Amino acid sequence: MRGGALPPALLLAALALALAFASPRVRIVSLIALAITLGALSQLELPRGWLEIAFLGCWASTVVNAATVHLPGGVGWRSGLALSLNSGVWVTAVVRLAGSPSDLPKACLMLIVLIPAGWLVARRAPIAVKVGSSWLIAIAILCATLPFLPVTPGYLPDHLE
C-alpha cells in the first residue's frame with residue numbers, strides 16, 4: 001500500500017463518502033476547493049524526506065474523512081471545505097513523493113463513489129455507506145501502523161534481514 005495512486009485514491013474515496021452526507025451545494029463547493037488545491041499544489045517540489053509524513057498524513061486523513069459519516073446532520077460548509085483542503089494537501093504530497101504525474105487522475109477517479117453513495121443516502125439507506133467507511137478506517141489504520149511495527153519475516157525482502 002505504498003504506491004503512488006492507491007493511498008490517495010482511498011483518501012478521495014473516504015472524502016466522497018463523507019460528502020455523500022452533505023447538501024449538493026456543499027458537495028460542489030468542496031469539490032471545487034479540492035480541484036483548486038490539487039492544481040495549485042501539484043506544481044510544488046517536496047523534499048524526499050517528507051515521504052513518511054506524507055503517508056501518515058494521508059492515512060490519518062482517510063480515517064478522519066471516513067469517520068465523518070457518523071456526524072449527526074452530515075458534513076456542513078466549514079467541515080466540507082476543511083476536509084477537501086486537507087485531502088488535497090495529502091493527495092498531492094503522496095503523489096509528488098511516491099508516484100508519477102499520471103497517478104493524480106487515477107486517484108481522482110475514486111470521487112465517482114460520491115454518486116452511488118449520495119444516492120444511497122438520499123434513499124435513506126446510509127448503512128452501506130457507513131460500512132464502506134468502516135472498511136476504509138480499518139485499512140487506513142492498518143497501513144498507518146505497519147511501518148512502525150518491528151520487522152518480521154515476510155514483511156521485508158529476505159536480503160534485508
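Let's start with one side chain. Serine 61 reaches the backbone oxygen of glycine 57 with its side chain, at 2.9 Å. Keep in mind that this is a predicted model.

Stay with that residue. Serine 61 sits in helix α3. Is serine 61 buried or exposed? At 4% relative accessibility, it counts as buried. The serine 61 side chain also makes a polar contact with the side chain of tryptophan 90, at 3.4 Å. Leave out residues up to four places away in sequence, and serine 61 touches Leu11, Asn86 and Trp90. Now look at glycine 80. Along the chain, serine 61 and glycine 80 are 19 residues apart. Their C-alpha atoms are separated by 13 Å.

Next, the core. The largest nonpolar core has 42 residues. Which of them touch the most other members? They are Leu12, Leu15, Trp59, Val91 and Leu136. Seven elements are on the list of those giving two or more residues to this core: α1, α2 (24-41), α3, α4 (77-98), α5 (103-108), α6 and α7. Helix α1 gives the most, with 11 residues.

Take leucine 15 from that list. Not counting residues up to four places away in sequence, leucine 15 touches Leu34, Asn65, Leu83, Ser84, Ser87 and Leu111.

Ser84 comes up again with serine 30. Serine 30 has its place in helix α2. Serine 30 is buried, with a relative accessible area of 1%. With residues up to four places away in sequence set aside, serine 30 touches Leu19, Gly80, Leu81 and Ser84.

Now helix α7. This helix runs over residues 127-145, which is 19 residues. At 1.5 Å a residue, α7 should span 27 Å. How far apart are its end C-alpha atoms? They are 27 Å apart, which agrees.

Which residues of α7 are buried? The list is Val129, Ser133, Leu136, Ile137, Ala140, Cys143 and Ala144. Look down the helix axis. The buried residues of α7 fall within an arc of 140°, so they line one face of the helix. A reminder on helices in general: an α-helix has 3.6 residues a turn, so residues three or four places apart point the same way. On the other side of α7, Ile127 and Val131 are exposed. What covers the buried residues of α7? The cover includes α1 (6-19), α3 (51-67) and α6 (114-122). One of the buried residues of α7 is Leu136. Leu136 is also on the list of core residues that touch the most other members.

On to charges. Side chains of opposite charge can pair when their charged atoms come close. How many salt bridges does a search of the whole structure find? It finds 2.

Here is one. Arginine 96 and glutamate 45 meet through their side chains in a salt bridge, 2.6 Å from N to O. Arginine 96 lies in helix α4, and glutamate 45 in the loop between α2 and α3, so the pair ties together parts that are 51 residues apart in sequence. Arginine 96 is partly exposed, at 30% relative accessible area. Glutamate 45 is exposed, at 67%.

Serine 42 lies in the loop between α2 and α3. Serine 42 is buried, with a relative accessible area of 18%. The cut-off for buried is under 20%. Arg96 is the arginine of the salt bridge with glutamate 45.

Now the other pair. Aspartate 103 forms a salt bridge with lysine 106. The closest N and O atoms are 3.9 Å apart. Where does this pair sit? Both residues are in helix α5, 3 residues apart, and are separated by about one helical turn. Aspartate 103 counts as buried, at 10% relative accessibility. Lysine 106 is partly exposed, with a relative accessible area of 48%.

Last stop, the surroundings of aspartate 103. Neighbours within four places in sequence aside, aspartate 103 is in contact with Gly4, Ala5 and Val95. Alanine 40 is 63 residues from aspartate 103 in sequence. In space, the two are 16 Å apart, C-alpha to C-alpha.

Key:
Residues numbered from 1 in each chain as written. Predicted model: local features only at pLDDT ≥ 70, side-chain atom pairs only at ≥ 80, totals over all residues. Heavy atoms only, no water. Helix = DSSP H or I, 4+ residues; strand = E, 2+ residues; numbered from the N terminus. Expected span 1.5 Å × (residues − 1). Buried < 20%, exposed > 50% of the residue type's maximum accessible area, 1.4 Å probe, protein only. Arc of directions from axis to C-beta. Contact = heavy atoms within 4.5 Å. Core = buried A, V, L, I, M, F, W, Y, C linked by side-chain atoms within 4.5 Å. Salt bridge = Lys/Arg side-chain N within 4 Å of Asp/Glu carboxyl O. Polar contact = N/O pair within 3.5 Å; in protein donor to acceptor, adjacent residues only side chain to side chain.
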